[in-house]
Amino acid sequence: MEMEVKDLYFSYPTGREVVKGVSFKVRSGEIFCVLGPNGCGKTTLLKCLCGILKPSEGSIFLDGVEANSIPKTERAKTIAYLPQEHMTLLPYRVLDFVVMGRAPHLSIFSTPSDKDYEIAGEALKEVGAYHLKDSPYVELSGGEKQLVLIARALTQQPKILLLDEPTSQLDLKNQAIVLGILGKLTRRGLIVVMTTHFPTHAFLHSSRVGLMADGRFLAVGEPEQVMTEENLKKAYDIDVKVLTVKSPLDDGFIKMCIPTGVILARRCFCKIEHAEEGT
Amino acid sequence: MSQRYKRILEKVRGGKASTVVLTLLPILFFLVSLFIGRYQISPDTVILTLISKILPMLHSHNIPKQIEITIIQVRLPRAIAAALVGATLALSGTSFQALFRNPLVSSQILGVASGAGFGAALALLLSGDLVIVQISAFGFGIAAVAISYAISKIHKETPVLTLVLAGMVVGALFSSLTSLVKYVADPYERLPSIVFWLMGSLSGVSFKELSWSFIPMIASCIILVMIRWRMNALSLGEEEAKALGVDVEKMRMLVISCCTLMTSAAVAIAGVVGWVGLVIPHVCRMLVGPDHKILVPASISIGAAYILAVDSLARAASTVEIPLGVLTAIIGAPFFFYLLRRERLGWRWK
C-alpha cells in the first residue's frame, strides 16, 4: 500500500486557505508524523486525506488510484480516521461503539452479525481494552477512550490509519501504550499518519516527518534531517535545542527537543537555588 | 444512578426477556383498549366477536349486531390508529434525537405539527369536510418541513443547527397563522371544532381514514427499522459518520422524509398529540440502552403501548372524553421532570 499526496490545497467556504500545497508519500509499515504549531492546518490536512473535507486542488493517490474517484464506503474500508476531540452524547456500550467501525462493510439495510461483533472484540483485544467491552463509552478515562477509538478504527480493517493528536490528552503511561500499539500496527503493514505536538515523539516513533507551518511543509523526510534546530525555529518561531542522549539500554542514541528559553529559565532558577544554599 | 438499578438494567438489556416484554406489551394494551368503552361489553364477548370475524367458521352465531358494530367499526379502528400514532410519533422522536444529537428534540422539531395544525384549522374554517381536513393537515405538515429544509439550504451544506433554527422559525410562523385562522373563525360553529382538533383526539376514527394514512406510516416505519443501525453512526456527528463511510446528506434526507411522512399522517388522523415523541425515546433508552439496533423496535413497541393506554384512559376516566393531546401532556410533562430529576436521561453533557 502506498499513499501519495500531490500539491494538496484546501480553502474553507469563507475563502480562508488553510492547506497550501502539501505533497508527501507514505508506504506500508511507516509512521508519518505531521508536526507543526497550533492552527497550521494539520487537522484540516488529515480531514482532507480521509475525505471529510474535499480538497480544493491537488490529488491523493491510494496505490495510484485517485482517492476522490473511490466511493465513500470503499474509501472508508481503506482509510480510518480518529478525531482529536470525540464527543458522543449517547452512552453507547463500548462493544456497540466499536462495532460501528463495521459500517463501511455492511449494507445500509443490515445490522452487524455475530461475526462483526467478533471482529470488534478482536480489535478490542488487540489494543488491550477487551475488559471494557460492556462499560458505557462516555464513562471511560481519556486513555481508555483513545484505545477504544483505535479499536473502532481497526474494526474498519483499514490499510491507512489517520490519527489527530492521539497522545495530546494522555498521561505518560497511556502515551507509551498508544504509541506502542501504533508501532505494532505498522509492523503488521499498516500506514499510520498522525499529527502531534511532541517533537520528541516524532524522533522516537516516526519513520518520516512532515514539518508544517502556515499550511505548507517546510521539510519532509527522515526525522533527523527534518527536525533540525534551524527548521524547528522556522516552524515554531522560537529557539530550540536538539539534544542527543545516549540510550541507557543499548549503544544507540535518542534525540529530543527542548526550547532554548526553557533551558535558560531553568539555569536562572538553579542559580537562585545555589545562591540561597550559599547564604 | 444507583448500582442496583444498573444491575437490573443489565439483566433487561439484550436479554430474551426484553424481546418478549416489548412484543407482548402493545398486544396487551391493544386488547385492553378493545375491552374498555362507554358501552359495557365483557372481555370474553370481545374476544368471541374478534374470533368470529377472523375465523367465521369457528364461531359465527349469537353475537348481537350492536356489539359487533361497536367492536369492529368503532373500537378496532381506534385501537389500530392509537397503536400506529404512538409508534410513529415515538419512532420519529427517537430518529430525530439521533439525527440532531440532542435529547430535547421531538418529532415536532421541524415544524410538522404546526404545519399540520394550520392545515387542519384552515380546512375546518373553509369546508369542515373530514377528508379534506385530513388531506390538508397531511399536506401542510409535509410543506412545513420542506420549507424548513429549503431555508436551511441557504448555506451550501446543511449544518444541523441551521435546520433546527429553520424548523423553529417555520413552526412559529404556522402557529401564528393558526391563531389568525382561529381569530377569524366563527366562534359558535367553526372555532370549537378547530380548538378541539388541535387538542388531539382519536374519537371517531374509522377504517376509511386509516385506509390511506396507514400506508405512509407503515412504509416509513419499515424503512426506518431497516436503516436503524446506521442511526448509531449518524448520532456520532457529521464528520465521524463521514469518516465511517456513511453518506450523511442522503441518510439525513431519508430519515427526515420518513419521519415527516409518518408524523404528518399521524397528526392528520389524531390531531396534535404532544410529548410522545420527546418522552418515549427517553423511556426506551432507559429500558434498552442507546443502541438503535434495539432502541428503534423498542420505541415502536413502547410508543404504541403508551398511546393505547392513554387513549383507553381518555375514554374511561370520566363521562366526557378527555382530549388525547391534553392527557399525553398532563402525563408526559411531570414524567419528563421525573426523568430529569433522577438523571436517567442517559445523555452525557459536556
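How many salt bridges are counted between chain B and chain A? The count is three, a salt bridge being a side-chain nitrogen of Lys or Arg within 4 Å of a carboxyl oxygen of Asp or Glu. In one of them, the side chains of Glu240(B) and Arg152(A) meet with an N to O distance of 2.8 Å.

The structure is a predicted model, in which local features need pLDDT of at least 70 and side-chain atom pairs count only at pLDDT 80 or more, while totals for chains, interfaces and linings use all residues. Residues are numbered from 1 along each chain as its sequence is written, chains are lettered from A and ligands numbered from 1 in the order in which they are written, and side-chain values use heavy atoms, with hydrogens and water left out.

The interface between the chains was examined further. Contact (heavy atoms within 4.5 Å) links 30 residues of chain B with 35 residues of chain A. The size of an interface is often given as the accessible area lost when the parts come together. Here buried area is the accessible area, taken with a 1.4 Å probe, that two parts lose on being put together, summed over both. For chain B and chain A this area is about 3,200 Å², and 61% of it is on carbon and sulfur atoms.

Within chain A, the domain assignment, which is of an automatic or database kind, gives domain 1 (2-237) and domain 2 (238-279). The C-alpha centres of domain 1 and domain 2 of chain A lie 32 Å apart. Contacts join 12 residues of domain 1 of chain A to nine residues of domain 2 of chain A. About 910 Å² is buried between these two domains of chain A, with carbon and sulfur atoms giving 63%. Of the area that domain 1 of chain A buries against domain 2 of chain A, 48% is supplied by Thr200(A), Phe203(A) and Glu229(A), more than by any other three residues. One salt bridge is counted between the two domains of chain A. A salt bridge is also formed by the side chains of Lys233(A) and Asp239(A), at 3.8 Å from N to O.

The interior was described through nonpolar cores, each a set of buried Ala, Val, Leu, Ile, Met, Phe, Trp, Tyr and Cys residues joined through side-chain atoms within 4.5 Å. Buried denotes under 20% relative accessible area, exposed over 50%, and partly exposed in between (1.4 Å probe, protein chains only). The largest nonpolar core has 148 residues, and Leu161(A) and Leu182(A) have the most contacts inside it. Helix 4 of chain B gives the most to this core, with 17 residues. Domain 1 and domain 2 of chain A each provide at least three residues to the core. Apart from neighbours within four places in sequence, the contacts of Leu161(A) include Ala80(A), Leu82(A), Leu182(A) and Val193(A). A second, separate core of 30 residues includes Leu49(A), Ile52(A), Tyr81(A) and Ile160(A).

Helices (H or I, at least four residues) and strands (E, at least two) are DSSP runs, numbered from the N terminus. Helix 7 of chain B (residues 160-184) has 25 residues, which at 1.5 Å a residue should span 36 Å, and its end C-alpha atoms are 36 Å apart, in agreement. The expected span is 1.5 Å times one less than the number of residues. Among the buried residues of this helix of chain B are Val164(B), Gly167(B), Gly171(B) and Phe174(B). The elements of chain B that cover the buried residues of helix 7 include helix 5 (112-126), helix 6 (130-152), helix 8 (190-199) and helix 12 (248-270).

Individual buried residues were also characterised. Cys259(B) lies in helix 12 of chain B and is buried, with a relative accessible area of 1%. Not counting residues up to four places away in sequence, Cys259(B) touches Ser92(B), Ser95(B), Phe96(B) and Leu224(B). Arg78(B), in helix 4 (residues 65-99) of chain B, is buried at a relative accessible area of 7%. With residues up to four places away in sequence left out, Arg78(B) touches residues including Asp311(B), Arg315(B) and Glu321(B).

Backbone angles were considered last. Most residues other than glycine have a negative phi. Gln157(A) has a positive phi, near 50°, and lies in the loop between helix 5 (142-155) and strand 7 (160-163) of chain A. Gln157(A) is partly exposed, at 42% relative accessibility.
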